[in-house]
Amino acid sequence: MTEAEWLHHTTDLAALVGRLDDRRGASRRKCALLVVAFCRRLWHLLADDRSRVGVEYTEALADDPEGTDRHWPRSYPRSAPENACYEAPDAPFGPLQAAAHLAYEVSGFLLWGAGDPERALELSELGRLTVAADRGGVSGSPDQEVTAHCVLVRDIFGNPFRPVFVNPEWRTSTVLALAQQMYDSRDFSAMPILADALEGAGCADEAMLAHCRGPGPHVRGCFCVDAILGKT
């Protein structure tokens, strides 16, 4: 894979994920946030709160891997995501069950010893099948979803051919506050403002500034925000 294919042309998710694996650029945290992003694309199908709890649990563990007990809500049994999957109203094989199944699988992503790019690729495929079920098997919809997943990979992992470097001088109070606020809220609408703040602090990294000003979508784990906050 060339750098141009990574940045613009390929819709081969397996090739993107394979590149991450080859370059060892995919931390368990980043992979966990990627599969969470897959689920959040289908949030409207996760009508059962038990499914959402499982996804949110993995998201919390991504930043606090020692908090397995601390982040699980006491009002739900640990079996809640699995129960939601098998009790989905359109079981078997309808879109609600497919989405609940994805949420159940993601809820154990960091706990079952498979928090890696290959497992993320498997869950992406499950997300594609869910979209196909939700749209009644409309021709082409899974391909549209894999394209969207490729965009998420690039948002979270950046460009492995040119790892991002953040000069400490760019981390002004404004830059840090904007990045932290977006990370905490999952509202990335201020990304263009972040680009302006970075530029004002002396950042001349064209790729980083273009990503901040680009159409997105941006999700928790975005490589620019992560780099500013010192997350890996």
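Q: Helices (H or I, at least four residues) and strands (E, at least two) are DSSP runs numbered from the N terminus; in which helix is the place of A120?
A: A120 sits in helix α7. The model is predicted, with pLDDT of at least 70 needed for local features and 80 or more for side-chain atom pairs, while totals for chains, interfaces and linings use all residues. Residues are numbered from 1 along each chain as its sequence is written, and side-chain values use heavy atoms, leaving out hydrogens and water.

Q: Is A120 buried or exposed?
A: Buried, with a relative accessible area of 1%. The classes are buried under 20% relative accessible area, exposed over 50% and partly exposed in between, with a 1.4 Å probe and protein chains only.

Q: What is A120 in contact with, leaving aside neighbours within four places in sequence?
A: L34, V35, F38 and F109, where contact means heavy atoms within 4.5 Å.

Q: And how many Å separate the C-alpha atoms of A120 and H9?
A: The separation is 21 Å, for two residues that are 111 residues apart along the chain.

Q: Switching to charges. How many salt bridges does the count come to?
A: The count is 17 salt bridges, each being a side-chain nitrogen of Lys or Arg within 4 Å of a carboxyl oxygen of Asp or Glu.

Q: Which salt bridge does E105 meet R119 in, in terms of N to O in Å?
A: The E105 to R119 bridge is 2.4 Å, N to O. This pair links distant parts of the chain, with E105 in helix α6 (residues 95-107) and R119 in helix α7 (residues 117-134), 14 residues apart. Both E105 and R119 are buried, and for R119 the relative accessible area is 18%.

Q: What about R119 and E122, how many Å from N to O?
A: Their side chains form a salt bridge at 2.6 Å, N to O. R119 and E122 are 3 residues apart in helix α7, so about one helical turn separates them. E122 is partly exposed, at a relative accessible area of 42%.

Q: Which helices hold E199 and R213?
A: Their side chains meet in a salt bridge of 2.7 Å, N to O. E199 is in helix α10 (residues 191-200) and R213 in helix α11 (residues 206-213), so the pair, 14 residues apart, links distant parts of the chain. E199 is partly exposed, with a relative accessible area of 42%, and R213 is partly exposed too, with 38%.

Q: Which residues do salt bridges that share partners join into one network?
A: R29, K30, D63, D226 and K231.

Q: OK, packing. At what angle do α4 and α6 pack?
A: Helix α4 (residues 49-63) and α6 pack at about 35 degrees, and their axes are 8 Å apart. Axes are lines fitted to C-alpha atoms over the stretch in contact, and angles run from 0 to 180 degrees between N-to-C directions.

Q: Who makes the contact?
A: From α4 the residues are S51, G54, V55, Y57 and T58, and from α6 they are A100, A103, V106 and S107. They divide into 5 nonpolar, 4 polar and no charged. Here Ala, Val, Leu, Ile, Met, Phe, Trp, Tyr, Cys and Pro count as nonpolar, Asp, Glu, Lys and Arg as charged, and the others, Gly among them, as polar.

Q: How many residues has the largest nonpolar core?
A: It has 67, and L194, L198 and V225 have the most contacts inside it. Helix α3 (residues 28-41) gives the most to this core, with 9 residues. A nonpolar core is a set of buried Ala, Val, Leu, Ile, Met, Phe, Trp, Tyr and Cys residues joined through side-chain atoms within 4.5 Å.

Q: What is L198 in contact with, leaving aside neighbours within four places in sequence?
A: W170, V175, C203, M208, L209, C212 and I228.

Q: What joins G216 and P217?
A: Also a cis peptide bond, with omega about 5 degrees. P217 is in the loop between α11 and α12 (223-229).

Q: And what phi has R186?
A: A positive one, about 65 degrees, although R186 is not a glycine. R186 is in the loop between α9 (173-185) and α10, and counts as partly exposed at 37% relative accessibility.
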